[in-house]
Amino acid sequence: MKISKTEAMEVLDSRGNPTVEVELTLENGITANALVPSGASTGEKEAMELRDGDIKRYGGKGVLKAIENVNRIIAPAIQGLEITEQKHLDLKMIELDGTENKSRLGANAILGVSIAAAKAAAQYCNLPLFKYLGGPSANILPVPCMNIINGGKHSDNNVDFQEFMIAPHNAPNFQEAIRMGIETFHTLKKILIKKGYNTGVGDEGGFAPNLKSNEEAMEVIMEAIVQAGYKPGDDISICLDPAASEMWEDGQYVNFKSDKSKRTSVAMVKHWCDWVHKYPIVLLEDGMAENDWNGWKLLTDELGDKIEIVGDDIFCTNPVILSEGIKKGIANSILIKLNQIGTVTETLETIRLAYKNNYNCFVSHRSGETEDTTIADLTVAVNAGHLKTGSGCRSERISKFNRLIKIEKMLGKQAVFAGKNAFKNV
């Protein structure tokens with residue numbers, strides 16, 4: 001079955017910024033849509049998101065150039081291609097772009113087409129997307145790592161670290177895990193109100209109060225877990241994404257909003273060691289800056305046999321960079337973001353490389369999200385075991401959870417909830 005039509009249009013993401021939507025149609029009339037997310041805290045080596053730069057439209061954030069690239073360059077080039085040949089399609093677009101980081105056509109243009117094609121192929125094969133991508137062995141439902149306190153670039157508060165997540169892992173299935181997480185989220189709101197804090201939410205739906213310190217964020221989360229009726233560490237553990245690159249400057253960590261302190265790489269590693277000893281942390285993502293490779297090595301040596309150490313900005317879902325990290329013994333897990341690399345094919349290639357080298361894969365949304373639920377299917381397709389897609393509110397986050405609930409129902413008795421085994425060394 002061949003592609004007959006591909007068309008893009010400019011729509012909005014969860015922050016009200018423009019993004020790309022692609023509609024792809026097959027010769028038999030099957031139609032599939034894909035919406036592309038956008039990050040705020042981004043790695044330097046991510047595939048390039050093409051923006052117009054016209055300050056008179058959306059403050060320069062328009063994506064009309066990317067839309068035109070889909071409609072005038074990509075669409076004619078892929079018309080007539082077999083829809084089930086995903087790799088051929090993606091390589092065709094990479095060739096059309098001709099740059100190392102997809103800067104000519106835009107990773108947002110290319111990814112929209114790539115995802116829409118995968119969805120159309122799944123429909124043509126009469127399979128849900130997770131089965132089309134993962135085959136019959138795709139049956140593991142992930143632990144939902146829910147970002148319940150937002151800081152850093154995801155909020156305007158004084159909390160330095162970007163994401164404080166809860167991981168409800170002691171559950172018989174995904175639906176019960178979500179219940180545990182939502183109950184804890186709502187309990188946290190009551191605790192914050194009682195303490196006199198604001199309960200407005202950040203970009204990913206987590207609360208964004210002006211706390212006294214980063215430590216207080218950990219303490220109120222621990223309190224919420226207990227008050228919700230669960231035991232920290234046994235039922236619900238903690239995952240962190242401090243986005244340390246945002247604090248990195250001139251060889252040290254300086255941009256702390258909370259106390260204006262400065263820390264060396266050694267001091268940062270000691271901080272994380274202290275927290276892992278004190279709190280039930282099972283996963284630390286981007287604990288060091290993307291350009292602090294020596295710090296990453298020290299962190300991995302200190303904590304790599306105790307918890308999951310996830311590289312996001314340092315790897316950018318890029319198999320070439322991941323290969324370098326593997327050789328140097330950096331981290332033991334990689335964050336997976338489709339729009340960091342720009343195609344479904346390259347994403348799956350990165351995941352295969354990670355698994356081959358005993359690295360975990362932690363699938364992720366972006367702070368500027370859409371109602372597209374592709375990452376929910378991708379997580380199950382590759383049996384990643386854990387997923388982060390935001391907090392217990394905002395429909396662009398909840399849509400992924402609802403999709404996973406449906407996938408669990410589809411799988412029936414074949415469904416397996418990952419539980420605590422999802423996390424490296426836990």
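Predicted model: local features only at pLDDT ≥ 70, side-chain atom pairs only at ≥ 80, totals over all residues.

Modeller: A residue is called buried when its relative accessible area is under 20%.

Biologist: Is lysine 102 buried or exposed?

Modeller: Lysine 102 is found in the loop between α2 (86-97) and α3 (107-124). Its relative accessible area is 5%, and because the cut-off for the term is under 20%, lysine 102 counts as buried.

Biologist: Which residue has a side chain joined to that of lysine 102 by a polar contact?

Modeller: Leaving aside neighbours within four places in sequence, lysine 102 is in contact with residues including Asp97, Thr343 and Glu346. The polar contact, at 3.0 Å, joins the side chain of lysine 102 to that of glutamate 346.

Biologist: Which strands are the edge strands of the open sheet?

Modeller: The open sheet has nine strands with mixed pairing, in the order β5-β15-β14-β13-β12-β11-β8-β7-β6. An edge strand here pairs on one side only, and this applies to β5 (143-144) and β6 (146-150).

Biologist: In β7, what is the bridge partner of methionine 146?

Modeller: Strands β6 and β7 (residues 163-168) pair in the antiparallel sense over four bridges. Within β7, methionine 146 has as its bridge partner isoleucine 166.

Biologist: What distance does helix α5 reach from its first C-alpha to its last?

Modeller: Helix α5 (residues 174-194) has 21 residues, for which 30 Å is expected at 1.5 Å a residue.

Conventions:
Residues numbered from 1 in each chain as written. Heavy atoms only, no water. Pairing = 2+ DSSP bridges. Helix = DSSP H or I, 4+ residues; strand = E, 2+ residues; numbered from the N terminus. Expected span 1.5 Å × (residues − 1). Buried < 20%, exposed > 50% of the residue type's maximum accessible area, 1.4 Å probe, protein only. Polar contact = N/O pair within 3.5 Å; in protein donor to acceptor, adjacent residues only side chain to side chain. Contact = heavy atoms within 4.5 Å.
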